[in-house]
Amino acid sequence: MHELSISQAIVDTAVRHAGGRKVSRVDVRLGALRQVVPDSLRFYFEIVGRDTVCDGSDLELELIDALLRCDCGREWDPAPVATLDGPLIPSFRCPDCGAGGAETLAGDELRVESIEVEETAASHA
């Protein structure tokens with residue numbers, strides 16, 4: 001349900017930067033570690049965007065996989081995709097040395113990358 005508040009924050013950001021112009025598209029980078037359901041985010045974006053300059057605009061999501069790095073130098077995705085052998089269990093401990101507390105290199109993003117607005121008609125005096 002936190003997708004509702006995230007959608008509201010995205011709409012607020014777009015409205016603030018659109019300068020009153022109609023927003024046609026909002027591009028967002030979304031990391032896997034944020035635990036956001038993309039379809040729910042799009043659903044709530046459409047709802048909270050109503051009656052704003054975002055009404056009818058597209059929400060484009062760039063989904064970023066998680067990537068961690070251990071002090072020993074090993075980099076890994078803590079939540080790899082399931083295979084035919086069964087689901088894989090996410091691992092936040094280094095697969096090489098077993099240490100915890102790895103550095104997050106990717107996957108915690110939640111950022112409005114760009115906002116596409118419609119041109120305002122030039123006035124002819």
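Modeller: A nonpolar core is a set of buried Ala, Val, Leu, Ile, Met, Phe, Trp, Tyr and Cys residues joined through side-chain atoms within 4.5 Å. Please keep in mind that this is a predicted model.

Biologist: Thanks! Which residues touch the most other members of the largest nonpolar core?

Modeller: They are Ile10, Val26, Leu41, Phe45 and Leu59, in a core of 16 residues. The elements giving two or more residues to this core are α1, β1 (23–31), α2 (38–48) and β2 (58–64). Of these, α1 gives the most, with five residues. As general background, nonpolar side chains in soluble globular proteins tend to be buried together.

Biologist: What does phenylalanine 45 touch, leaving out residues up to four places away in sequence?

Modeller: Phenylalanine 45 touches Ser7, Ile10, Val11, Val26, Cys54, Ser57, Asp58 and Leu59.

Biologist: Serine 57 is on that list. Why is serine 57 called buried?

Modeller: Its relative accessible area is 10%. Buried means under 20%, so serine 57 is buried. You will find serine 57 in the loop between α2 and β2. Beyond its neighbours within four places in sequence, serine 57 is in contact with Lys22, Val23, Ser24, Arg25 and Phe45.

Biologist: What makes the pair of serine 57 and cysteine 54 a polar contact?

Modeller: A polar atom of the serine 57 side chain lies 2.7 Å from the backbone oxygen of cysteine 54. The cut-off is 3.5 Å between N or O atoms, so the 2.7 Å distance falls within it.

Biologist: And why is aspartate 12 called partly exposed?

Modeller: Aspartate 12, which lies in helix α1 (residues 2–18), has a relative accessible area of 38%. Buried is under 20% and exposed is over 50%, so 38% makes aspartate 12 partly exposed.

Biologist: Now to the sheet. How do you know that β1 and β2 pair?

Modeller: Pairing needs at least two bridges, and seven bridges join β1 to β2, so these strands count as paired. They run parallel, and aspartate 27 stands opposite glutamate 60 in β2.

Biologist: What makes β2 and β6 edge strands?

Modeller: The open sheet has three strands in the order β2-β1-β6, with mixed pairing. Each of β2 and β6 (110–117) has a single partner strand, so one side of each is left without a neighbour in the sheet. The twist averages 15° from one strand to the next.

Biologist: Where do the helices α1 and α2 lie?

Modeller: Helix α1 lies across β1, β2 and β6, running at about 45° to β6. Helix α2 packs on the sheet, touching β1 and β2, and its direction makes about 155° with that of β2.

How values were computed: Residues numbered from 1 in each chain as written. Predicted model: local features only at pLDDT ≥ 70, side-chain atom pairs only at ≥ 80, totals over all residues. Heavy atoms only, no water. Helix = DSSP H or I, 4+ residues; strand = E, 2+ residues; numbered from the N terminus. Buried < 20%, exposed > 50% of the residue type's maximum accessible area, 1.4 Å probe, protein only. Contact = heavy atoms within 4.5 Å. Axes fitted to C-alpha atoms, helices over the stretch in contact; angles between N-to-C directions. Polar contact = N/O pair within 3.5 Å; in protein donor to acceptor, adjacent residues only side chain to side chain.
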